[in-house]
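Let's work through a few exercises on a protein model. Keep the viewer open and try each task before you read its solution.

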Amino acid sequence: MRIIIFFVSLLAISGVQAQLKKPSLPDSLFSTYYHQRVSHFKTLPQTKDDIIFLGNSITDGAEWSELLGDSRIKNRGISGDISAGVIKRIDEVADRKPSKIFLMIGINDLAKNISADSVIKNIFWIADYLQQQSPSTRLYVQSILPVNDVFKKFDGHTAKGDLIKKVNDIMRDKALIHHYTYIDLHTSFINTEGKLDTKLTNDGLHLTGEGYRLWMHLIFHHVFNLQQKPSLIPQPQQLKWNEGFFPLRQCKIISVSDTTLYGEAQFLQKKLIERNHKLTIEKTNNNLPYIELRLGEVNAPQYSTEAYRLLVTKEKITILANTTHGIFNGIQTLSQLWRDNELIDACEIADWPAFEWRGYMVDVGRNFQSPELLKQQIEVMAAYKLNVFHLHLTEDIAWRLASRQYPQLTAPENMLRHKGQYYSEEELKELIAFCKERFITLVPEIDMPGHSAAFSRAMKTEMQSAEGIVIVKNILNDFCSTYDVPYVHIGADEVKITNKNFVPEVTKLLEHRGKKVIGWEPGGNFSNSTIRQLWMDDKGKAADASVQYIDSRHLYLNHMDPLESVVTIFNRKIGNKSKGDKNLLGGTICLWHDRAVANQDDVLKMNPVYPAMLAFAERSWQGGGHEGWVANIGKPGSAETKEFTEFENRLLDHKHRNFFEKPFPYAQQSGITWKFFGPYHHLGDSSKKFSPEMKNFLGENSPPAFEAVGGTLVLRHWWYPLIKGLIDNPEENTTWYAWTKIWSNENKMEFFWIGFNNLSRSPSTDSPRPNTWDNKGSLIWVNGIQIKPPSWKRGGQKGNSEIPLIDEDYEYRQPISIFLNKGWNEVLVKLPITHFKGKDWHNPVKWMFTFLPIY
């Protein structure tokens, strides 16, 4: 005993040295089991991104990788270990350079009457040594768990309750100094007497399965880089977190008294089976815990058919709604609450949408997508409560809708891309049913009379001709007889109306067949009964009280940089209103990937489909937003920046948990702040150097013109002044500079997204010239070293809509690898501009840049 105390004290003293050196401790101090475990650890292979649990028997007793469902997790617990034992074997852990370490140690020290101060100093030494040896490893020091003497076991341990609290308090207070995150487990494990809850132990010291389940729940967000509470998207209108947890693993019953809810109960049952929870559906139930689905009165200020209430307690989960749709919405929220698959945080939710029309549109006329890929997107829509799937079926490129009467419409020779690929009657019916099961309305679009070159090739006549309109009417009559959909979108934009009767006659036919008609605005000569989908006009029908409308203005994902898309959609005030009304139904985000793709999945990789979809789900459900259209996050510390950061944190949680096998081109950008210097007038010479490029320039101490937050920064939007950029009054023939600094824990290579002209996926934009970032003369330096642009695979290629993009935008090319020094690294970006007008509409001038680490 005295020998152990001596060595612990010696270690505490050695911790004051600037460069820590691990002392040598005699093997005889430690048990046979200790040496068995250590020797075993040393023979295990080196792996990347390990998450290591380090401690004594309490750590040793858990199957952490199974409990947390992650093979990266390694157990380095040794029964009976003390802080000196961890120090002796710390190099085996540190040399692995793990991404995270979860340390719990000290109870055995206290039981051996080692002083609390010595325990604390040794834990600090461990933290400091790990910081020295593996600075990029994140250390989590967990509180020592409480003990309980009621079982009359481990007397030496269970008598140390007060010392445990002392050690925990000091570890909590000194966390920042010693570069670790302190996790308070103690509070959640105590009973009303301040002792270890007997429901979590059977000997007063070690844990039962329930104890490990609680432990896992409390650290889950630290292990997987999540927010402390489950991140909900869309955020409910009313949310209150309560104390306690619902034990999902113990739940065996879904209670449904109303048979009309049986389908929703089966949907919930299936989702739980996917998480390895087998529940039965019963009409009545008296066994706790259980989940109840129930119809009843739920008050909501609008759209009560989708409203629901969700109550989670320790004994029961209740979803109450006015309709089955409301129950379905509640289930989707519940599925976001059970993130660790074991315990669900107690809460109260009252929720309803701000807009009744929350849509997503896909253009499959230009680039065909298989039904399977469409279903993937529909599933994501349903998970985030979007409820309108707009399917653009026909285009100049191809007609993708089967026709019994006119099979030549889908003949391969009449298609320009993806020849012979279209949706059969059976496939479209299946998609419609797939949507209905998820309370999504499929809105088919048959574009007429514009965007109809495929029709003309097949039918040898124009739609607006006397013969053509007869064919169109036949197609629409067949369609109405075949498919059960409430809306038909007729397009009618970007076309010269030569037959003034065409749109009215088509509208009359569809309305006679019981369909609501939708058309693009600006567009054809519509009647007031036609719902207008706004796509360009920033005023127009948005102020017309005689019509209903859907907002899609500046909601085209194909024109948006991925990082910008989340910012602009999150801040958007849909239809210039905070919530829907009798005229404004809501909005639809649109995916118009006009340019050919090499693979159908490229549409999702080259466009910010899922990040933007989640941002739109948030805004269209929550309502609100900000006036005007913006492209940037805002100034550091502003209310807008704080609001966006909170959403971004939730968004990234969903990326990590739900999209690891799907394209999700987004990374955290709210943590980077830029200083902007300018304007410098270069008089037409974009290569001219100014003071920020000089060696004596100190960005840290130089007063900027302004500061801004973000990974993509838009100085002047190419739709200026409709969309606001960073510069209020941008000038041609000027140069601006942006400066920031980024921290690295050690010398290492890191990957970055870098770009200066995020190409839209619609126009036939030219590829960048070889050896340049863009055609404006933009440059970037990190620590004074100029970063070379990529070796473009098609450098200088003239834009061609039939040549797929390959590496032109940062989100779908290999990230740039840059060496970072330990400490702060300075980044300088040069942003010259000569003209705001591009050479043609295919090549708009985008004055912007992206620089973002993607750790």
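This is a predicted model: local features need pLDDT of at least 70, side-chain atom pairs count only at pLDDT 80 or more; totals for chains, interfaces and linings use all residues.

Residues are numbered from 1 along each chain as its sequence is written, and side-chain values use heavy atoms, with hydrogens and water left out.

**Exercise 1. Work out whether the radius of gyration of the chain agrees with that of a compact globule.**

Step 1: Get an overview. The chain has 23 helices and 32 strands (DSSP runs numbered from the N terminus: H or I of at least four residues for helices, E of at least two for strands).

Step 2: Look at the box. Along the principal axes, the C-alpha atoms fill roughly 105 × 80 × 45 Å.

Step 3: Apply the globule rule, 2.2 Å times the number of residues to the power 0.38, with the radius taken over C-alpha atoms. For 855 residues a compact globule would come out near 29 Å, and the chain has 31 Å, so the two agree.

**Exercise 2. Describe how helices α20 and α22 pack.**

Step 1: Know what to look for. Two packed helices are described by the angle between their axes and the distance between the axes.

Step 2: Read off both. α20 (residues 562-571) and α22 (residues 609-622) meet at about 10°, with axes 8 Å apart. Axes here are lines fitted to C-alpha atoms over the stretch in contact, and angles run from 0 to 180 degrees between N-to-C directions.

Step 3: Name the arrangement. Angles under 35 degrees count as roughly parallel, over 145 as roughly antiparallel, 65 to 115 as roughly perpendicular and the rest as oblique. So α20 and α22 are roughly parallel to each other.

Step 4: Find who touches whom (contact: heavy atoms within 4.5 Å). From α20 come S565, V566, I569 and F570, and from α22 come P611, A612, A615, F616, E618 and R619.

Step 5: Sort them by class. You get seven nonpolar, one polar and two charged residues (Ala, Val, Leu, Ile, Met, Phe, Trp, Tyr, Cys and Pro are nonpolar, Asp, Glu, Lys and Arg charged, the others, Gly among them, polar).

**Exercise 3. Find the largest cavity and say what lines it.**

Step 1: A cavity is a set of points on a 1 Å grid over the protein atoms alone where a 1.4 Å probe fits but cannot get out, and lining residues have an atom within 4 Å of a point. Points are joined across faces, edges and corners, and volume is the space filled by probe spheres set on them.

Step 2: Count and size. There are three cavities of 30 Å³ or more, and the largest holds about 70 Å³.

Step 3: Check the lining. Among its residues are H559, W718 and K846, while β24 (712-716) and β32 (847-853) each supply at least two. By class, the lining has five nonpolar, three polar and four charged residues.

Note on methods:
On a 1 Å grid over the protein atoms alone, a cavity is a set of points where a 1.4 Å probe fits but cannot get out, and a pocket is an open set with protein on both sides within 12 Å along at least five of seven lines; lining residues have an atom within 4 Å of a point.
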